[in-house]
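Me: Please take a close look at the aromatic ring pairing in this model. I would like one connected account, with the cut-offs stated.

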Amino acid sequence: MRNPVHSLLSGNSKIVTTKIMASELNVGKWKNVALLVIDMQKDFIFGPMQVKGGQAIVPNVIKAVEVARNCGIHIVWVVRENDPLGRDVELFRRHFKPKLASKGSVGAELVDGLVMDVEEDYKLVKTRFSAFLNTHLHSYLQTNGITDLVFTGVQTPNCIRQTVFDAVSLDYKQVTVITDATAAATPDIHIANILDMKNIGVATPTLEEWCQST
């Protein structure tokens, strides 16, 4: 006669094993995906270069990062950390005072609620709109097997759009922009740029729609 205790333990073991397998499958599903969090820094959300729609998306960007971590999606923090004297910023910004997102400044820090995991996440510093221009982003993504990119952050017509267009030109398999986890100076500007990106094959889900797909 089978020991009922053994039967119970065996049953629990099957449940645990099933859960582990499901978890591994879920992580495997997203192993080729990277979430890019672009310019969610104090200077751009609250400071001298404030994007007016930026504050409203902070909770959604926090949620997107949380979901990405749970799914095993790579997280890439794309930030500006300019020379304190402004020698590496665009010519049209060199007269700005105080200097934009200077390395080591409070303005270059991520906004409250967004925390980089220094052991698991990847930090990429850029000095132009596109995160691909004069950086090793493409090399990093390729060597880590990344084929699909998901975008959050600010702002839609500049850093989001230019990085997205470059990603499409570089033939990433799937490029996604979460529409309510990205923002511009006005809703009209945001919507117009989202439409332009959608017209070149970019997926444009809301955060809720994207979360449901995970």
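**Aromatic pairs and their setting**

Reply: Tyr140 has a relative accessible area of 15% and is buried (buried is under 20%, exposed over 50%, partly exposed in between, with a 1.4 Å probe and protein chains only). Tyr122, at 22%, counts as partly exposed. The model is predicted, so local features need pLDDT of at least 70 and side-chain atom pairs pLDDT 80 or more, while totals for chains, interfaces and linings use all residues. Residues are numbered from 1 along each chain as its sequence is written, and side-chain values use heavy atoms, without hydrogens or water.

There are two aromatic pairs in the structure (Phe, Tyr or Trp rings, the six-membered one for Trp, with centres within 6.5 Å; planes under 30 degrees apart are stacked, over 60 edge-to-face, the rest tilted). Tyr122 and Tyr140 make a stacked pair, with 3.8 Å from centre to centre and 10° between the planes. This pair links distant parts of the chain: Tyr122 belongs to strand E3 (residues 122-126) and Tyr140 to helix H4 (residues 137-143), 18 residues apart.

Phe132 and Tyr172 form a tilted pair, because their planes meet at 35° with the centres 6.0 Å apart. Phe132 sits in the loop between E3 and H4, and Tyr172 in the loop between helix H5 (156-169) and strand E5 (174-183), so the pair ties together parts 40 residues apart in sequence. Phe132 is buried at 11% relative accessible area, and Tyr172 is buried at 9%.

From the N terminus the order is α-β-α-α-β-β-α-β-α-β-α-α. Of contacts (heavy atoms within 4.5 Å) between residues at least 6 apart in sequence, 77% join residues at least 24 apart. Of the 214 residues, 41% count as buried. The accessible surface is about 11400 Å², with 56% belonging to carbon and sulfur atoms (Shrake-Rupley, 1.4 Å probe; for residues, only the protein chains shown count as cover).

Disulfides (cysteine sulfur atoms within 2.5 Å) number zero in the whole structure. The cysteine sulfur closest to that of Cys71 is in Cys211, 8.3 Å away and therefore too far for a bond. Cys71 is buried, at 4% relative accessibility, and Cys159 is buried at 5%.

Conventions: Helices (H or I, at least four residues) and strands (E, at least two) are DSSP runs, numbered from the N terminus.
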